[in-house]
Amino acid sequence: MIKIGFIGLGHNCIGHIEAHLRVGKSEIIALCDKNTERLEYASKRFGIKRIYRSADELCEQADIEAVSIHTGDHYHVEPFVFAMKNGKHVFVEKPLGNTLEQVETMISSARNADSKLKIAVGYILRFNPVFEAVHSLCKSGDLGQIFYMEGDYIHNLLYQAKQTDTLTGVNWYLEYEKPLVGGGSHPLDLLCWFSGSQIVEAMGYSNRMGFPDMKEDDCQVALFKFKNSAIAKITASYAPRSGMASYYNLRLYGTKGTVERDQAAISKDDNDVHPEFKTIEADRISGHPYDKEVEDWLDSIRDDRKPRCDLFDGANSTIATIIAVDAMKVGKPLPVPIYTR
């Protein structure tokens, strides 16, 4: 049983704690949050008596082997660096960070740490059965060479305007959230995973008309150029007066086939230029597949293998969206760094 400490006890973290209990491959021995009410609530609900208000103090505990970080996006960097300094395996929620400087700091700290540490970044869509099936189509070559991709994070999050933190008095979403980074990096990570390539350039446009309470523009549209010359478009909007777009409006266009949401059309031969769309054979789930994501990270520690979305995969998906937002602000395309160990 891998001994785990959790940092940042919001809704997402509670979901992960519940998943760890269901998976049964870890022992949760400590919790950490600066908010005393959340800390006491989680401690009582899950019967975990060891509690800390400092991520540094939790990471210094010798019996904790791994930490799961679920703070707000802008606050991932500090506990991550503490964990690296103290030799802990890490799960950290997506996006990896909220700025170029944060991502660079986290990459640097990991490079200076034990290379055997298993670091997973929480791009959970990789564990959705439909997207796993799409990934198999791409990897097998059934779609041919992918040349254009689309994905959206169009999600009504207007309720976030009321989520001011009772401890700090700050509404994190209104102050720091960048929709393309916090939301749009979800579908972009899928496109990186599907394409097997990394992004080298980004550009885009944005406006702040639907959710003007946000300091960052709430509607952001970006174009990405991949190393293999594929092109992708990602839209992130937090103010539609509608529900979440089905399967993130996924579109993949290849030389042999096409995927639209959860449908695929694959040519039988060169003469089959209008193949019929068929529903992709995979389980349909509601909510987030936390159990599979948690188990993948724990198994990567136990089996000494790469997690499905490791630090560098997560960093590359995150940094591309950060650079795209920067490109919107300066009004020109910008190069995107690629991180490798």
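**Entry 1: nonpolar cores**

I began with the largest nonpolar core, which has 85 residues, and in which F80, F194, F224 and L252 have the most contacts. Helix α11 (residues 311-330) gives this core its largest share, 11 residues. Another core, of 24 residues, lies apart from it and includes C13, I14, I17 and A19. I took a nonpolar core as a set of buried Ala, Val, Leu, Ile, Met, Phe, Trp, Tyr and Cys residues joined through side-chain atoms within 4.5 Å. Buried stands for under 20% relative accessible area, exposed for over 50% and partly exposed for what falls in between, with a 1.4 Å probe and protein chains only. Helices (H or I, at least four residues) and strands (E, at least two) are DSSP runs numbered from the N terminus.

The model is predicted, with local features needing pLDDT of at least 70 and side-chain atom pairs pLDDT 80 or more, while totals for chains, interfaces and linings use all residues. Residues are numbered from 1 along each chain as its sequence is written, and side-chain values use heavy atoms, without hydrogens and water.

**Entry 2: F224**

I listed the contacts (heavy atoms within 4.5 Å) of F224, leaving aside neighbours within four places in sequence. Its partners are L180, L188, I199, E201, A202, A230, I231, A232, I234, A320, T321 and A324.

**Entry 3: helices**

I checked α4 (residues 77-85) and found 7 of its 9 residues buried. These are V77, P79, F80, V81, F82, A83 and M84. G87, which follows α4, has a positive phi near 70°.

I then turned to α6 (residues 129-140) and α9 (residues 185-195), which pack at about 30° with axes 8 Å apart. Axes are lines fitted to C-alpha atoms, for helices over the stretch in contact, and angles run from 0 to 180 degrees between N-to-C directions. From α6, F131, E132, V134, H135 and C138 meet L190, W193 and F194 of α9. By class, this contact has 6 nonpolar residues, 1 polar and 1 charged. Here Ala, Val, Leu, Ile, Met, Phe, Trp, Tyr, Cys and Pro count as nonpolar, Asp, Glu, Lys and Arg as charged, and the others, Gly among them, as polar.

**Entry 4: cavities and a pocket**

I found 2 cavities of 30 Å³ or more. On a 1 Å grid over the protein atoms alone, a cavity is a set of points where a 1.4 Å probe fits but cannot get out; a pocket is an open set with protein on both sides within 12 Å along at least five of seven lines, and lining residues have an atom within 4 Å of a point. A volume is the space filled by probe spheres set on the points, which are joined across faces, edges and corners.

The largest cavity holds about 40 Å³. Its lining consists of F91, A120, V121, F127, E293, D296, W297, R308 and C309; α10 supplies the largest share, 3 residues. This lining has 6 nonpolar, no polar and 3 charged residues.

The second largest cavity, of about 30 Å³, is lined by C192, Q198, I199, N316, A320, V336, P337 and I338.

Of its 13 lining residues, L125, N128, Y248, I285 and G287 lie nearest the centre. The lining divides into 8 nonpolar, 5 polar and no charged residues.

**Entry 5: K162**

I located K162 in the loop between β7 (146-154) and α7 (172-176). K162 counts as exposed because its relative accessibility is 76%. K162 and Y173 are 11 residues apart in sequence and 9.6 Å apart in space, C-alpha to C-alpha.
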